[in-house]
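Please examine the sequence and the three-dimensional model shown here before reading on.

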Amino acid sequence: MRWLTLYARSRQIPASLAAVVISAVAVGALARDGGGGPGDPRLPVLVLATGAMAVSIGLSGQDLALDRTAVIRWVPRRAAHVLLCGAVVGTVLLTVQAMGEDMATTAFVVRDSAGLMGLVALGAVLSGGQYAWTLPFTWLSFSFFAPPPTSAPMQVASWMLLPPGTASGTWTALVLAVAGTAAYAVAGPRR
């Protein structure tokens, strides 16, 4: 059990979890004050993206050479880390939502948290853990200001804001989640 505590501290999990909870509670308060209309996906997407960006810092350790000396294989540990972070981010939003305003369906939360964690994992592979947040931030920024998704490419580009039953949104999130988790599990963060 001591190794789990040391792993959590080295990955800055307590600080990341605090940031996830604080952002979810803040956006939950905004939703109660009428910050977004009913069915507006921007607030829940903002919570999920902020949570994914907050946990992204834990995708690389403090010393890569020290990390490479671990006895436990890295591939399953990295994959589990990404999947667990996505589950925590989604669960925090669903918990805050259960205490207050209903912002999004469970299917929406699962789809977006999985896709966003895949983006974060890809960001860690391409840019390292300290800059892993840039890929979901850029995609989220584009989604907020993009024109309405009338064509298939625009639906893929704005997958985060699409209703949960939309095929292009679901497939985009699934591809990002699988590709990001697999790439991070095998390659690890960029040095």
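Predicted model: local features only at pLDDT ≥ 70, side-chain atom pairs only at ≥ 80, totals over all residues.

Residues are numbered from 1 along each chain as its sequence is written, and side-chain values use heavy atoms, with hydrogens and water left out.

The protein chain contains 9 helices and 0 strands; helices (H or I, at least four residues) and strands (E, at least two) are DSSP runs, numbered from the N terminus. In sequence order the pattern is α-α-α-α-α-α-α-α-α. Of the 191 residues, 45% are buried, a term meaning under 20% relative accessible area, with exposed over 50% and partly exposed in between (1.4 Å probe, protein chains only). Contact means heavy atoms within 4.5 Å. Among contacts with a separation of 6 or more, 73% join residues 24 or more positions apart.

Helix H3 (residues 42-55) has 14 residues and reaches 20 Å from its first C-alpha to its last, close to the 20 Å expected at 1.5 Å a residue; the expected span is 1.5 Å times one less than the number of residues. Because 11 of its 14 residues are buried, H3 is largely enclosed by the rest of the structure. Among the buried residues of H3 are Leu43, Val47 and Met53. Their cover includes helix H2 (13-32), helix H5 (74-99), H6 and helix H7 (134-145).

Helix H6 (residues 106-127) also meets helix H9 (residues 167-187): their axes come within 7 Å and cross at roughly 40 degrees. Axes are lines fitted to C-alpha atoms, for helices over the stretch in contact, and angles run from 0 to 180 degrees between N-to-C directions. The crossing of H6 and H9 is left-handed, meaning that the near helix is turned anticlockwise from the far one by less than a right angle, whereas clockwise is right-handed. Residues in this contact include Gly115 and Leu122 of H6 and Ala173 and Gly180 of H9. They divide into 13 nonpolar, 6 polar and 1 charged; Ala, Val, Leu, Ile, Met, Phe, Trp, Tyr, Cys and Pro count as nonpolar, Asp, Glu, Lys and Arg as charged, and the others, Gly among them, as polar.

H9 packs with H5 as well, at an angle of about 145 degrees and with the axes 7 Å apart. This crossing is right-handed. Trp74 and Arg78 of H5 and Tyr184 of H9 are among the residues making the contact, which has 9 nonpolar, 1 polar and 1 charged residues.
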